[in-house]
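Hi,

Here is the structure I promised to pass on. Have a look at it first, and my notes follow below.

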Amino acid sequence: MIALKYIQPFSLKLDLRTGIIGPCNRYIQRRLSDMAGMYADHAGEQKALQGGDPVVYEVYQYDVPNDNGQLLIVTSVIHPGRIGQEYHMTKGHYHARRDTAEVYVGLQGQGYLLLCTEEGGSKSMPIEPGTITYIPPYWAHRTVNVGSEDFIFFGVYPADAGHDYGTIESDGFPMLLVERDGVPTLIPNPSHGRR
Ligand code: PA5
Ligand code: NI
């Protein structure tokens, strides 16, 4: 049996208002240009890129060894906005190790979680401050900011889960979350599985 790396217990500070974890040893900033082709409205995407390539979301993570048995602690901050009618969202991913789950806790703002499986399952659920969502193994997940302020959530997942972005980059999610008459509305994604 391979022994887990022995590390010391630790505590971190989470700023519940900003989502910033201190200390944080991995910070990721994703601009629209890092998500080429992921929004349905390609003309809207070009317009937003020319308008300054907005920062769509930021991630604050505390890394520990990527071993089975360890957990990663992370917060995500999705800034408000839309590309065309589609709300700002994360790239979304399956875990590279499909048999790993994840828990999210809403901290600030109004969001949605979109989920799907490779067997055709599809689900969506709102996240507001205090909502705990359980993402079971095998479900791809993407979060969306449907509000007018930052949408901030906390997450915990197995350190050896990894991220498979490629499957979502090629297939997309079954549903899109768009603004219709001021209301967040789920519509079928016409390009799902077709790219
Ligand atoms: O572990 C998670 O699922 C989250 O921390 C996400 O990685 C984070 O919200 C950013 O989304 P993505 O990894 O799809 O770019
Ligand atoms: Ni994940």
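Which residues does T133 touch, not counting residues up to four places away in sequence? The contacts (heavy atoms within 4.5 Å) are E102, V103, Y104, L113, M125 and I127. T133 itself sits in strand β12, residues 132–135; strands here are DSSP E runs of at least two residues, numbered from the N terminus. Its relative accessibility is 3%, so T133 counts as buried (buried is under 20% relative accessible area, exposed over 50%, partly exposed in between, with a 1.4 Å probe and protein chains only).

Before the rest, some housekeeping. This is a predicted model, where local features need pLDDT of at least 70 and side-chain atom pairs count only at pLDDT 80 or more, while totals for chains, interfaces and linings use all residues. Residues are numbered from 1 along each chain as its sequence is written, chains are lettered from A and ligands numbered from 1 in the order in which they are written, and side-chain values use heavy atoms, with hydrogens and water left out.

Now the metal. One of the residues touching T133, E102, is also a protein donor of the nickel ion (ligand 2), through OE. Along the chain they follow the spacing H-x1-H-x6-E-x38-H. E102 in strand β9 and H141 in strand β13 (residues 140–145) are 39 residues apart, so to speak of the pair is to link distant parts of the chain. Both E102 and H141 are buried. Donors are N, O and S atoms within 2.8 Å of the metal (3.2 Å for Na, K and Ca); water is not among the atoms, so sites may look incomplete.

On to charges. Side chains of opposite charge can pair when their charged atoms come close. The whole structure has eight salt bridges (a side-chain nitrogen of Lys or Arg within 4 Å of a carboxyl oxygen of Asp or Glu). Among them is D67 with K5, at 3.5 Å from N to O. D67 lies in the loop between β4 (55–62) and β5 (71–78) and K5 in the segment before β1 (13–14), so this pair ties together parts that are 62 residues apart in sequence.

R98 pairs with E118 at 3.0 Å, N to O. That joins the loop between β8 (94–95) and β9 (102–108) to the loop between β10 (111–116) and β11 (122–127), 20 residues apart. E118 is partly exposed, at 47% relative accessibility. R98 also forms a salt bridge with D164, the closest N and O atoms being 2.9 Å apart. D164 is in strand β15 (residues 163–164), 66 residues from R98.

P65 lies in the loop between β4 and β5 and is partly exposed, with a relative accessible area of 21%. Leaving out residues up to four places away in sequence, P65 touches K5, I7, Q70 and A159. The C-alpha atoms of P65 and A159 are separated by 7.1 Å, although the two are 94 residues apart along the chain.

Last, the lining of the largest pocket divides into ten nonpolar, ten polar and six charged residues (Ala, Val, Leu, Ile, Met, Phe, Trp, Tyr, Cys and Pro count as nonpolar, Asp, Glu, Lys and Arg as charged, the others, Gly among them, as polar).

Cheers

Methods. Helix = DSSP H or I, 4+ residues; strand = E, 2+ residues; numbered from the N terminus.
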